[in-house]
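Please open the model in your viewer and keep the sequence panel beside it. The stops below are given in the order in which to select them.

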Amino acid sequence: MVNSILLSLIVFSPLLAILILAFVPRHQGGVIKQIGVLGTLLPLALSLMLFAAFNYETAEPQFVESAKWISIPIGFAQGGAMFTFDLAYELGVDGVSMPLIVLTALVGTLAAVASWQVKKRLKEYFILFHLLLIGMLGVFAAQNLFLFFIFFELTLVPTFFLIGIWGYGERERAANKFLLYNGIGSAVMLIAFIVLFVFLQTLNMEKIATILASTDHPAAAAMTPAFRFGLFLALFIAFAVKLPVFPFHTWMLKVHVQAPPAIVMIHSGILLKMGAYGLLRMGIGFFPEQAYQFAGWMAVLGLINILYGAVLAFVQKDLKMVLAYSSISHMGIVLLGFAAMNTIGFQGAMFQVVSHGFISALLFFLIGVIWERTQTSMISELGGLAKSMPFVSGILLTAGMASLGLPGMSGFISEFFAFLGLFGDMPVHAAIGTLGIVLTAAYLLRAILRTTFGPTPERLKGLADAQPMEVVPMVVLLGFIILIGVYPAVLGNPMQQTLKTLVPIVTGIGG
């Protein structure tokens with residue numbers, strides 16, 4: 001019985017915390033924080049149940065829920081029968097979306113722990129936080145375009161306020177830029193969704209993919225190759241803004257610097273990954289032939305992301321900006337994996353999505369801890385932290401090693417698969433892309449070593465090391481990074497069957 005509504009329970013379980021918070025007096029800050037953190041444990045426990053019950057042997061959507069939701073009368077037929085426009089409530093997960101739901105629930109819980117440092121308007125903060133959690137979980141569980149769009153938009157509003165109210169100095173400007181860019185991307189996505197519905201008369205993702213792959217369906221036949229390419233391009237642009245892909249990346253830099261640490265953990269760890277998920281699920285999933293035609297350009301954009309992000313990360317003076325440009329660089333590896341258009345490449349891209357989710361969340365959590373004690377993230381004002389904060393410094397160096405792709409950690413296996421998939425058809429692009437790995441080592445080690453080693457400024461002596469509430473997120477995130485690096489099958493097995501079906505046997509598209 002529980003399995004039949006498990007996805008709905010996961011997606012809407014944060015509502016319980018919202019309802020409880022609504023009745024807690026706002027002056028009881030300690031109670032609000034406790035509810036804010038404990039409220040994330042229910043979706044986490046349910047998502048782990050989902051992981052344990054998931055069947056690796058099938059590519060079909062699992063835990064499917066379908067019900068009539070909205071019926072809108074739109075006119076009468078000649079016989080007097082009423083025509084209605086029906087919207088269904090459809091949820092389901094497969095090998096791609098299930099790991100992302102677990103990632104969302106886990107990072108959400110750890111970000112709630114990181115929110116312990118928030119000091120003002122706690123009640124509003126945690127209500128918006130759980131509303132954001134509902135939106136993110138819903139994006140990965142939705143099985144039709146209408147629900148996907150609703151949940152996708154639901155993430156924008158709380159994120160806007162969480163940045164604009166609880167961020168740093170230029171928080172309002174960062175929030176406005178976030179909303180503007182993502183709003184434009186959403187508008188393009190909505191237009192593409194409407195066009196698909198008008199032509200195919202369905203919003204179900206699985207049905208859309210089946211119809212578009214059919215050679216004898218009249219609706220699919222009516223869509224010319226040029227028209228299909230235009231739709232693919234619209235979806236690519238919509239999700240490229242979210243990923244973000246150069247030149248749609250500038251909004252993300254402001255968010256990473258100005259948003260509070262817990263929200264940056266969610267933003268870099270999950271929200272950016274919604275762009276990669278949408279691009280794979282809808283862009284490539286709906287239009288594989290058009291994606292194959294565009295693969296060369298996708299590889300070029302991936303290389304620009306990798307090298308542009310790495311070079312600019314090297315010259316940054318702010319640790320936050322180093323990691324912001326690092327995220328741009330690492331998202332380029334996702335594009336290279338998609339450009340490979342084969343199962344290995346796709347697997348590398350999705351490994352990178354999950355791996356970077358854990359690594360970036362850990363790095364930004366550590367920066368939040370350092371900021372809380374020093375009130376700065378400027379590299380020149382830090383130094384010698386290893387003497388006063390040895391545990392934090394050690395975890396920071398380890399997280400940096402994971403980000404630069406040290407074997408035995410998740411960053412290595414994701415980069416290895418992405419480049420291995422690309423080497424078959426585009427060896428030159430793959431060879432150029434590997435330069436990014438060298439540059440990543442240079443800029444990360446430069447920033448981290450200058451922060452943790454060297455002479456310690458007088459004002460940084462005697463700083464408190466990690467507290468128990470801070471140790472837990474560090475250890476958990478690092479544990480998952482090492483687990484995926486040492487035993488990649490824990491992530492690869494669920495994805496395997498689904499990714500195989502996403503590489504159709506079409507002339508010129510290899511599997």
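Two residues are in contact when heavy atoms of theirs lie within 4.5 Å, and a residue is buried when its relative accessible area is under 20%. Bear in mind throughout that this is a predicted model, in which the protein chain averages a pLDDT of 89 and 96% of the residues score at least 70.

Begin by selecting residues 142-439, which an unreviewed UniProt entry lists as "domain: NADH:quinone oxidoreductase/Mrp antiporter transmembrane".

Now colour its buried residues, among them Ala 174, Phe 178, Asn 182, Gly 185, Met 189, Phe 193 and Leu 200. What do the buried residues of α8 pack against? Their partners are α7 (145-166), α9 (205-213), α10 (218-221), α11 (225-242), α12 (250-258) and α13 (261-286). Step just past the end of α8 to Gln 201, where phi is positive, at about 60°.

From here, turn to the largest nonpolar core, which has 185 residues and in which Phe 148, Phe 286 and Phe 338 touch the most other members. Helix α16, residues 343-374, gives the most to this core, with 17 residues. Centre the view on Phe 286 and show its contacts: leaving aside residues up to four places away in sequence, Phe 286 touches Leu 145, Leu 196, Met 205, Ile 208, Ala 209, Leu 212, Leu 235 and Arg 281.

The following stop concerns aromatic rings, of which the whole structure holds 29 pairs. Select Phe 246 and Tyr 308, whose ring centres are 4.9 Å apart and whose planes meet at 55°, so the pair counts as tilted. Because Phe 246 lies in the loop between α11 and α12 while Tyr 308 belongs to helix α14 (residues 288-314), the pair ties together parts that are 62 residues apart in sequence. Phe 246 is partly exposed, at 27% relative accessibility, and Tyr 308 is likewise partly exposed, at 25%. Then select Tyr 125, Phe 126, Phe 129 and Trp 166, which form one aromatic cluster.

Finish at residues 505-511, where pLDDT stays under 50 and for which the model has 14 contacts beyond four places in sequence.

Technical notes:
Residues are numbered from 1 along each chain as its sequence is written. This is a predicted model: local features need pLDDT of at least 70, side-chain atom pairs count only at pLDDT 80 or more; totals for chains, interfaces and linings use all residues. Side-chain values use heavy atoms; hydrogens and water are left out. UniProt positions are given in the numbering used here, feature names are shortened, and annotations may be inferred rather than shown by experiment. Buried means under 20% relative accessible area, exposed over 50%, partly exposed in between (1.4 Å probe, protein chains only). Helices (H or I, at least four residues) and strands (E, at least two) are DSSP runs, numbered from the N terminus. A nonpolar core is a set of buried Ala, Val, Leu, Ile, Met, Phe, Trp, Tyr and Cys residues joined through side-chain atoms within 4.5 Å. pLDDT is the predictor's confidence in each residue, from 0 to 100. Rings of Phe, Tyr and Trp (its six-membered ring) pair if their centres lie within 6.5 Å; planes under 30 degrees apart count as stacked, over 60 as edge-to-face and the rest as tilted.
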